[in-house]
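Biologist: Could you take me through one spot in this protein up close? I'd like the overall layout before you zoom in.

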Amino acid sequence: VLGTFFFLSREDIGIILINQCIAELIRHAVEAHTRSLPAVLEIPSKEHPYDAAKDSVLRRARGMFTADDLR
């Protein structure tokens, strides 16, 4: 896996960007991560289309709101 990495030495910021196809390989670990830091964000790759139904962050966000909240 190739990528560019930038590191900050701040304890109040933490983001992990992971291709959704890779996240599928370790879905158990992604789903088990419930802390706010680091945030784990699934992103699409050139080879695999993004599937919002598999995105753990979107699934959690849907559970936080009702249909009335979005009106």
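Modeller: Going from the N terminus, the protein chain's elements run β-α-α-β-α, which comes to 3 helices and 2 strands. Those are DSSP runs numbered from the N terminus, with helices being H or I of at least four residues and strands E of at least two. Bear in mind that this is a predicted model, where local features need pLDDT of at least 70, side-chain atom pairs count only at pLDDT 80 or more, and totals for chains, interfaces and linings use all residues. Residues are numbered from 1 along each chain as its sequence is written, and side-chain values use heavy atoms, with hydrogens and water left out.

Now for serine 45: you'll find it in the loop between E2 and helix H3 (56-62). Serine 45 counts as buried because its relative accessibility is 18%; buried means under 20% relative accessible area, exposed over 50%, and partly exposed in between, using a 1.4 Å probe and protein chains only. For the chain as a whole, 17% of the 71 residues count as buried.

What does serine 45 touch, leaving aside its neighbours within four places in sequence? Serine 45 is in contact with Asn19 and Cys21, contact meaning heavy atoms within 4.5 Å. Its side chain also reaches the backbone nitrogen of histidine 48 at 3.1 Å.

A cis peptide bond joins leucine 37 to proline 38, with omega about -5°.

Definitions and conventions:
Polar contact = N/O pair within 3.5 Å; in protein donor to acceptor, adjacent residues only side chain to side chain.
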